[in-house]
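Please look over the notes below alongside the coordinates. They are set out point by point for checking.

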Amino acid sequence: MPVTVVRFNLVAPGATPAELGVRYRTALEMAAYADECGVTTVQTEEHHGAENNWLPSPFAFAGAVLGATRRLAVTVSAVIGPLHDPLRLAEDIAVLDLLSGGRLVTVAGIGYRPEEYARAGVDWKRRGRLQDELLDTLLKAWTGEEFTYRGRTVRVTPRPATEPHPLLLVGGSSEAAARRAARLGLPFFPSAHLPELEAYYKERLVEYGTQGWTMMPAAETPLLHIAEDPDRAWAEYGRHFLHEARTYASWQSHEIRSAVRSAAGSVQELRDEGVYRILTPDECVQQGLDSLVLHPLAGGMPTAEGWHGLRLFCENVLPRLSG
């Protein structure tokens, strides 16, 4: 049975607050519907100051999704760790862990946009050290015991429900990220299918004498939309996928590796490339993918079309995957 994911980043170029409110509520309704249908995970993410309204507050959104659902996991992939106060983040995750019965999954990355650091007044050059401090602080905080933090004795309450702590993965596409995960005995989440980096992480586990595991994207992890007529859907809605793909690509340097990075400059190039795919229900089943990632509100997609694609997936694809 493949992993099934519904992704939300709430991108909506030029949307008014009223329009954004509708999209946010629609996302919660979609999450509740996906949960009832047996979808595995809702995934969300974090970016700041984007003109297209990219979601900046993933844990607030995750809390709303967790409250609207009962079974599926909610993955924040990824939180930009150095931009957060470590103690407050420990508290927020602990509360969400308690509320959800352990359904929150956090992937901690360091980001790749210096402008986000500048906006927050955080030194870009210190991001590695700040990430080390954040992860170390979270693990100590969740014990419920006193510990030393920046020269003072502190304690974080309440303790989360999940033992030994809420699921926390270290994300990234660099050896530094892999070393960080191995040193702390945390699972590693490469941002793309990078077997050589997974092997490096396992070597570091042996070096540090720690234990961990890898949650790595498959070689193919496309973002999907389901439609009866893909040609029509590409013609009418391809611009929404292209907007998101070009925005995402414009933020990343050549050193950054991502499972969903696109080099397309036009809708046709995007379609040919295959990072984003619009498929019929039959085509979706025939893909044979290990992970099926639905993106029903991609790049400002009209909510009605997003609903149509999600229902097609849940009614005409999902039952055939479990058969």
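The points that follow cover ring contacts, helix packing and some backbone details.

1. Basis. This is a predicted model, in which local features need pLDDT of at least 70 and side-chain atom pairs count only at pLDDT 80 or more, while totals for chains, interfaces and linings use all residues. Residues are numbered from 1 along each chain as its sequence is written, and side-chain values use heavy atoms, with hydrogens and water left out.

2. Aromatic pairs. Searching the whole structure gives 10 aromatic pairs. Rings of Phe, Tyr and Trp (for Trp, the six-membered ring) pair if their centres lie within 6.5 Å; planes under 30 degrees apart count as stacked, over 60 as edge-to-face and the rest as tilted. Phe-8 and Phe-61 are edge-to-face, because their ring centres are 6.1 Å apart and their planes stand at 75 degrees. Phe-8 is in the loop between β1 (3-7) and α1 (17-37) and Phe-61 is in helix α2 (residues 58-68), so this pair ties together parts 53 residues apart in sequence. Helices (H or I, at least four residues) and strands (E, at least two) are DSSP runs, numbered from the N terminus. Phe-8 and Phe-61 are both buried, where buried means under 20% relative accessible area, exposed over 50% and partly exposed in between (1.4 Å probe, protein chains only).

3. A tyrosine pair. Tyr-112 and Tyr-248 also form an edge-to-face pair, at 6.2 Å centre to centre and with 85 degrees between the planes. Tyr-112 lies in the loop between β4 (104-109) and α4 (114-120), and Tyr-248 in helix α8 (residues 230-251), so the pair ties together parts that are 136 residues apart in sequence. Tyr-112 counts as buried at 18% relative accessibility, and Tyr-248 is buried with a relative accessible area of 13%. Ring pairs join Tyr-112 and Tyr-248 with Trp-54 and Trp-251 in a cluster.

4. Arg-113. Where does Arg-113 lie? Its place is the loop between β4 and α4. Arg-113 is buried, with a relative accessible area of 6%. Leaving aside residues up to four places away in sequence, Arg-113 touches His-47, His-48, Trp-124 and Trp-251; contact means heavy atoms within 4.5 Å.

5. Charges over rings. A charge sits over a ring if NZ of Lys or CZ of Arg is within 6 Å of the ring centre and within 35 degrees of the ring normal. The charged end of Arg-127 sits over the ring of Trp-124, 3.9 Å from the ring centre. Likewise, the charged end of Arg-204 sits over the ring of Tyr-200, at 4.5 Å from the centre.

6. Packing of α1 and α2. The axes of α1 and α2 are 9 Å apart, and the two helices pack at an angle of about 45 degrees. Axes are lines fitted to C-alpha atoms, for helices over the stretch in contact, and angles run from 0 to 180 degrees between N-to-C directions. α1 and α2 are therefore oblique to each other; angles under 35 degrees count as roughly parallel, over 145 as roughly antiparallel, 65 to 115 as roughly perpendicular and the rest as oblique. The crossing of α1 and α2 is right-handed, a crossing being left-handed if the near helix is turned anticlockwise from the far one by less than a right angle, and right-handed if clockwise. On the α1 side the contact is made by Ala-27, Leu-28, Ala-31 and Ala-32, and on the α2 side by Phe-61, Ala-64, Val-65 and Ala-68.

7. Packing of α5 and α6. Helix α5 (residues 127-141) and helix α6 (residues 175-184) have axes 11 Å apart and pack at an angle of about 25 degrees. They are therefore roughly parallel to each other, and the crossing of α5 and α6 is right-handed. Gly-128, Gln-131, Asp-132, Leu-135 and Leu-139 of α5 meet Arg-180, Arg-183 and Leu-184 of α6.

8. Cis peptide bonds. Ser-77 and Ala-78 are joined by a cis peptide bond with omega about 10 degrees, and Ala-78 lies in strand β3 (residues 73-80). The bond from Thr-157 to Pro-158 is cis too, with omega near 0 degrees; Pro-158 is in the loop between β6 (152-154) and β7 (168-172).

9. Positive phi. Leu-10, in the loop between β1 and α1, has phi near 60 degrees, a positive value in a residue other than glycine. Leu-10 counts as buried at 2% relative accessibility. Asn-53, in the loop between β2 (41-44) and α2, has a positive phi of about 75 degrees although it is not a glycine. Asn-53 counts as partly exposed, at 22% relative accessibility.
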